[in-house]
Amino acid sequence: MSLALPSQLLLQQDLIEQTLLINPPQDDLPHHAPKTWTVACLSFAVSHNYQQQGFALADICSPPNKTFAHVIIYMSKAKARLGLMLDYARDCLQEDGEIWVVGENKGGIKSLAKQLKGDFDKADKMTSGKHSAIVCASGPQDKKPFDINSYYSDQQNELDIPLQALPGVFSQEKLDKGTAVLLKNLPRKVKGRVLDFGCGAGIIGSYISQHREVEEVELIDDDILAVKSAQKNIEDNKVAYSEAFLSNGFEKIEDRYHWIVSNPPFHQGVKTDYNVTENFLKQAKEHLKLSGKLLIVANEFLNYEVILRESFNGVKQIAKENGFKVLQCEGIKRKPK
Ligand SMILES: C[S@@+](CC[C@H](N)C(=O)[O-])C[C@H]1O[C@@H](n2cnc3c(N)ncnc32)[C@H](O)[C@@H]1O
């Protein structure tokens with residue numbers, strides 16, 4: 001692993017021991033940062049990485065139980081997610097404390113100081129370099145106790161499933177077009193034990209539990225705010241026999257399922273994202289019963305079939321609509337003896 005550009009800029013600064021670090025990326029920073037730092041991650045994989053290096057962790061979904069002289073936030077492209085992190089930081093910031101927001105120039109950090117002016121007594125660009133910048137804010141104007149429940153918003157869908165999602169959760173505001181194609185073409189025979197991989201706010205798992213005869217639906221995601229949203233949705237909608245939990249890929253999965261259903265995370269130009277998808281497609285068969293099936297939706301132009309044919313004898317396109325295709329895979333190939 002290497003250091004993300006904002007991490008490189010961060011490490012050029014004088015770092016304070018008693019710091020809360022929020023939303024760091026998956027990189028080598030845990031090997032360089034002071035071990036006295038507390039870390040609040042939004043990714044389960046990243047959180048695991050810091051925990052392994054002995055850092056104390058804070059839960060971004062619960063009110064802060066400690067104050068800090070210094071908070072460092074990694075910029076998020078999702079504006080509302082940055083707002084949530086800033087509110088959390090404000091609530092645990094000591095008087096005279098400072099918040100640094102660090103991010104890449106292309107991620108919108110350049111205009112942040114101006115945006116924060118109304119919320120803080122002072123907000124200025126502190127330094128720049130490595131195609132990144134750090135904005136320093138102090139003197140928060142409107143401090144309020146942090147409550148995760150105040151950040152949910154309704155997700156629009158035509159499926160009659162009331163769904164709420166926290167900021168930056170995939171497809172937070174309305175049902176994704178690919179997911180809609182998947183659910184519209186969901187085979188009637190989906191039943192038994194089902195895994196919703198990369199569940200986001202939980203629409204696929206919730207829909208399946210309500211429209212098919214299932215024994216159990218498990219929903220997993222690496223995004224902490226996604227799993228929190230999915231847990232709320234399955235509870236509020238009284239979705240029977242379901243559980244949502246954090247997992248980086250199949251890491252926390254021990255069982256084998258009759259069906260794995262997913263709108264998988266897709267390649268966004270960052271190498272690690274592609275690895276997540278590729279690993280998911282390659283490893284799915286190890287988490288299916290022998291007669292189990294994998295059902296995914298993908299952009300029409302993505303050639304997942306090549307990878308899937310390495311694991312399955314039958315890779316069938318069962319629908320093609322609106323630029324998406326639904327692939328059903330069955331007949332797990334056994335390893336040659
Ligand atoms: C295309 S979205 C689909 C979300 C939801 N199922 C829907 O249809 O609205 C893919 C999801 O995969 C999750 N994801 C990304 N990397 C992951 C990983 N390593 N392990 C598990 N889930 C991951 C993302 O957080 C995101 O919620």
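1. Two strands count as paired if DSSP finds at least two bridges between them. Strand S2 (residues 38-40) and S3 are joined by two bridges, and they run parallel. One of the bridge pairs sets Thr 38 against Ala 56 in S3. Please keep in mind that this is a predicted model.

2. Now the sheet as a whole. It is open and has seven strands. Their order is S3-S2-S1-S4-S5-S7-S6, and the pairing is mixed. Which strands stand at the edges? They are strand S3 (56-57) and strand S6 (120-129). Each has a single partner strand, so one side of each is left without a neighbour in the sheet. As background, strands of a sheet pair through backbone hydrogen bonds, either parallel or antiparallel.

3. Next, the domains. The protein is divided into domain 1 (5-148) and domain 2 (152-332). The contact takes 12 residues from domain 1 and 15 residues from domain 2. The C-alpha centres of the two domains lie 31 Å apart.

4. How much area do domain 1 and domain 2 bury between them? The figure is about 1200 Å², with 68% of it on carbon and sulfur atoms. On the side of domain 1, Phe 44, Arg 81 and Ile 148 lose the most area to domain 2. Together these three residues make up 48% of what that side buries.

5. Polar links across the interface come next. The rule finds six residue pairs in polar contact between domain 1 and domain 2, both residues being at pLDDT 80 or more. Helix H2 (44-52) and helix H3 (79-92) are the elements that give two or more residues to the side of domain 1 that touches domain 2. H3 supplies the largest share of that side, three residues. By residue class, the side of domain 1 that touches domain 2 divides into 10 nonpolar, one polar and one charged.

6. Finally, the salt bridges. The count comes to 13 by this rule. Across the interface of domain 1 and domain 2, the rule finds one. Arg 81 and Asp 223 form a salt bridge, with their closest N and O atoms 2.9 Å apart. Where do these two residues lie? Arg 81 is in helix H3, and Asp 223 is in the loop between strand S11 (214-221) and helix H7 (224-236). The pair therefore ties together parts that are 142 residues apart in sequence. Arg 81 is also among the residues of domain 1 that lose the most area to domain 2.

Notes. Residues numbered from 1 in each chain as written. Predicted model: local features only at pLDDT ≥ 70, side-chain atom pairs only at ≥ 80, totals over all residues. Heavy atoms only, no water. Domains from an automatic or database assignment. Contact = heavy atoms within 4.5 Å. Buried area = accessible area lost by both parts, 1.4 Å probe. Salt bridge = Lys/Arg side-chain N within 4 Å of Asp/Glu carboxyl O. Polar contact = N/O pair within 3.5 Å; in protein donor to acceptor, adjacent residues only side chain to side chain. Helix = DSSP H or I, 4+ residues; strand = E, 2+ residues; numbered from the N terminus. Nonpolar A, V, L, I, M, F, W, Y, C, P; charged D, E, K, R; others polar.
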